[in-house]
Amino acid sequence: MGRTLQNTMINLGLQNACDEAVYQLGLDMEELEEIEEDAGLGNGGLGRLAACFLDSMATLGLAAYGYGIRYEYGIFNQKIRDGWQVEEADDWLRHGNPWEKARPEYMLPVHFYGRVEHSASGAKWIDTQVVLALPYDTPVPGYMNNTVNTMRLWSARAPNDFNLRDFNVGDYIQAVLDRNLAENISRVLYPNDNFFEGKELRLKQEYFVVAATLQDIIRRFKASKFGSTDSVRTVFDSFPDQVAIQLNDTHPAMAIPELMRIFVDIEKLPWDKAWDITKRTFAYTNHTVLPEALERWPVDLVEKLLPRHLQIIYEINQRHLDHIASLFPNDMERLRRMSLIEEGGTKRINMAHLCIVGSHAVNGVAKIHSEIVKTQVFEDFAELEPEKFQNKTNGITPRRWLLLCNPGLAELIAEKIGEDYVRDLSQLTKLHEFVDDDLFIREVAKVKQENKVKFALYLEKEYKVKINPSSMFDVHVKRIHEYKRQLMNCLHIITMYNRIRRDPAKLFVPRTVIIGGKAAPGYHMAKMIIKLINAVAQVVNNDPMVGSKLKVIFLENYRVSLAEKVIPATDLSEQISTAGTEASGTGNMKFMLNGALTIGTMDGANVEMAEEAGEENLFIFGMRVEDVTELDKKGYNAQLYYDRLPELKQAIDQIKSGFFSPKEPNLFNDVVNMLFHHDRFKVFADYEAYVKCQEKVSELYLNSKAWTKKVIRNIAAAGKFSSDRTIKEYARDIWHVEPSDLKIPPPNEPRDAGQDKTPNGTAA
């Protein structure tokens with residue numbers, strides 16, 4: 001979520017008043033804003049997408065709730081020591097959190113372990129261990145519409161009789177200390193992005209948030225039906241018409257068997273009825289196609305932790321496979337591929353398959369990704385129910401990612417086209433009229449220059465490096481991962497360095513290359529990549545032959561509040577994943593909206609950005625998905641590129657020989673060995689095209705006016721990438737709710753009785 005103060009003032013229309021009031025007290029609002037900790041309760045794009053979605057849902061007047069875990073420790077703070085990433089705990093609640101309100105009156109029990117007893121009256125899950133889920137509510141204000149939604153985060157608490165009920169009477173002290181075991185569930189965020197780690201504590205977290213949330217939703221549903229939580233047997237027929245639940249990847253997939261357990265075991269609905277309601281309630285968003293990221297939980301672990309849920313999953317699978325066998329008799333191979341249970345070695349539950357079978361809609365997050373989902377990853381399922389599969393291209397909230405982080409540009413745009421674009425970003429197309437307006441061109445360039453100077457000052461303060469603000473700010477910020485190819489950027493840096501040294505008199509367009517992002521603590525290769533970038537920076541930044549022509553900076557502890565500083569100052573946005581690996585990307589959209597040009601592959605939402613702005617207004621290079629597939633068929637041989645490209649050979653030889661690590665010449669052996677022998681993401685295959693494309697970038701940057709015209713064309717084409725548009729599509733195609741642009745009267749004005757009644761809509 002990042003910081004809340006400035007976003008709240010903007011959405012409430014109070015920013016100027018607050019700035020002025022604080023100024024009159026002899027204080028500086030920006031100084032105050034810098035004191036607030038980021039709420040870093042997710043890993044990367046998927047978590048930030050949820051935050052943008054909450055802002056858009058409130059702005060569109062949808063009755064929506066965001067549910068998650070109130071981690072005591074969020075994503076780790078990254079320190080760079082001697083070029084290596086070191087993790088520190090993110091104690092973000094140390095000084096308290098003024099935005100949250102604990103709601104102990106809505107505390108709910110969550111059960112683990114135990115066993116299942118079957119009888120004539122049905123299944124009973126008994127002898128369980130109970131953990132309490134304590135909700136904390138954070139307000140989510142819409143933009144200037146007096147709507148405030150809720151983000152409800154659950155914290156784990158031990159019941160007061162924990163470990164004291166039974167045989168433990170002897171050791172009272174130990175029993176109280178053991179409360180920590182239960183409360184550890186919400187202690188810390190698992191720091192992996194695009195990687196599955198099948199740990200018991202992680203499964204506990206996933207079930208914890210799901211079980212608490214579903215009880216909360218059902219409590220609210222019953223209250224809306226009866227005005228009380230009556231003991232009358234509830235009729236759930238209208239449930240899917242009043243409740244829509246969107247699964248953000250497979251992490252909350254246990255919601256499907258959990259809702260079935262509630263309906264069948266507790267509410268005593270017949271299976272078929274329960275299953276129909278469940279399917280119509282859930283929809284699933286897929287966020288990645290990387291096989292190592294797909295959740296596959298071992299059956300033994302689920303059996304131990306959630307025995308009843310395993311039985312329900314088996315039953316879902318049995319009926320699912322019976323259905324497929326009836327359509328495709330004797331096709332055992334198809335049954336194996338489509339089963340929710342993977343045999344062979346340890347039996348595992350494929351959570352994506354569970355989500356597809358248990359949902360009425362499945363979507364990818366960009367056109368190209370949704371195609372890959374349909375034709376490759378889940379092709380058997382798409383063949384069976386093509387109408388279930390959709391696309392919903394991701395978006396970003398223009399409130400945080402333009403108004404808040406780039407007020408200069410936001411104001412400049414408002415002067416030209418009015419202020420309405422903030423709620424309807426498609427209006428940015430009106431800027432096309434000004435693409436040849438010399439004054440506007442100069443003003444856009446001036447805002448960018450001011451943002452660069454401000455960020456350069458920040459870098460000098462934080463990193464003690466002198467930055468040339470007229471150099472091109474070439475920025476690559478995102479989680480560190482092999483598929484995102486920070487290594488390819490690194491090879492380009494080394495290539496530029498070698499060119500400067502080879503011919504110091506030759507014209508060189510000065511660059512400040514900024515790379516930032518966190519590596520999962522257990523991801524060895526990602527940590528080596530950070531060390532390599534820092535080792536290269538050390539050499540480049542201290543070579544007198546280079547001077548101010550080329551500077552390399554690794555941006556420490558990349559997070560939302562730092563993104564808000566670097567993105568408005570960026571000239572060139574690096575979006576260089578291997579085609580077919582980045583589901584969408586959202587950083588790409590933030591840079592586009594903030595007046596950077598993109599160098600990128602035809603991957604994720606880059607494809608649609610090029611479609612909107614015209615491919616000639618982005619720097620597109622490298623293999624397309626088809627080329628990657630072709631190369632895989634042929635067999636990728638990295639050695640060929642090394643032998644054919646002298647500059648690539650030179651760069652690799654320097655890394656290999658210890659040119660960048662003279663005290664430890666073999667330091668980067670693992671990296672070099674990977675690039676030659678098991679590089680799944682084919683860095684060498686795109687190197688030549690990338691370097692050539694970068695030459696075109698430098699050439700255009702010399703012509704400030706031509707560069708800025710492309711910038712304006714990009715901003716004018718960025719309207720599609722508002723999360724408001726994304727949420728309108730979810731609302732229309734999946735949740736079946738109508739957004740409302742009614743501005744609720746402020747609480748200090750009396751409301752008409754007529755305005756008080758809202759039609760019965762779905763709560764998402």
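This is a predicted model: local features need pLDDT of at least 70, side-chain atom pairs count only at pLDDT 80 or more; totals for chains, interfaces and linings use all residues.

Visitor: What is the average pLDDT of the chain?
Guide: The chain averages a pLDDT of 95, and 97% of the residues score at least 70. Over residues 753–761 the pLDDT is below 50, and that stretch has five contacts in the model beyond near neighbours in sequence.

Visitor: On to backbone angles. What is the phi of Y113?
Guide: Y113 is not a glycine, yet its phi is positive, about 60°. Y113 sits in the loop that joins β5 (108–112) to β6 (115–119).

Visitor: Is Y113 buried or exposed?
Guide: Buried, because its relative accessible area is 18%, and the cut-off for buried is under 20%.

Visitor: And what about the phi of K464?
Guide: K464 also has a positive phi, about 55°, without being a glycine. K464 belongs to the loop between α19 and β17 (472–477).

Visitor: Buried or exposed, that K464?
Guide: K464 is exposed, because its relative accessibility is 70% and the cut-off for exposed is over 50%.

Visitor: Change of topic. What does UniProt place at K590?
Guide: The unreviewed UniProt entry gives the feature "modified residue: N6-(pyridoxal phosphate)lysine" at K590. In the model, K590 is part of helix α23 (residues 587–593).

Visitor: How accessible is K590, and which residues does K590 touch?
Guide: K590 has a relative accessible area of 7%, so it counts as buried. Leaving out residues up to four places away in sequence, K590 touches R48, I396, W401 and I567.

Visitor: Now cavities. How many are there of 30 Å³ or more?
Guide: The count comes to four. The largest cavity has a volume of about 160 Å³.

Visitor: What lines the largest cavity?
Guide: Its lining has 15 residues, and M1, N7, D55, V140 and R400 lie nearest the centre. Two or more lining residues come from each of α1 (5–12), α4 (45–59) and β8 (129–141). By class, the lining of the largest cavity has six nonpolar, five polar and four charged residues.

Visitor: How much space is in the second largest cavity?
Guide: About 60 Å³. The lining of the second largest cavity includes K478, K484, E582, S584 and N588. That lining divides into one nonpolar, six polar and four charged residues.

Visitor: Where does S584 lie, and which residues does S584 touch?
Guide: S584 is in the loop between β20 (572–575) and α23. Not counting residues up to four places away in sequence, S584 touches V365, A366, N394, M589, G604 and A605. With a relative accessible area of 3%, S584 is buried.

Conventions. Residues are numbered from 1 along each chain as its sequence is written. Side-chain values use heavy atoms; hydrogens and water are left out. pLDDT is the predictor's confidence in each residue, from 0 to 100. Contact means heavy atoms within 4.5 Å. On a 1 Å grid over the protein atoms alone, a cavity is a set of points where a 1.4 Å probe fits but cannot get out, and a pocket is an open set with protein on both sides within 12 Å along at least five of seven lines; lining residues have an atom within 4 Å of a point. Grid points are joined across faces, edges and corners, and a volume is the space filled by probe spheres set on the points. Helices (H or I, at least four residues) and strands (E, at least two) are DSSP runs, numbered from the N terminus. Ala, Val, Leu, Ile, Met, Phe, Trp, Tyr, Cys and Pro count as nonpolar, Asp, Glu, Lys and Arg as charged, and the others, Gly among them, as polar. UniProt positions are given in the numbering used here, feature names are shortened, and annotations may be inferred rather than shown by experiment. Buried means under 20% relative accessible area, exposed over 50%, partly exposed in between (1.4 Å probe, protein chains only).
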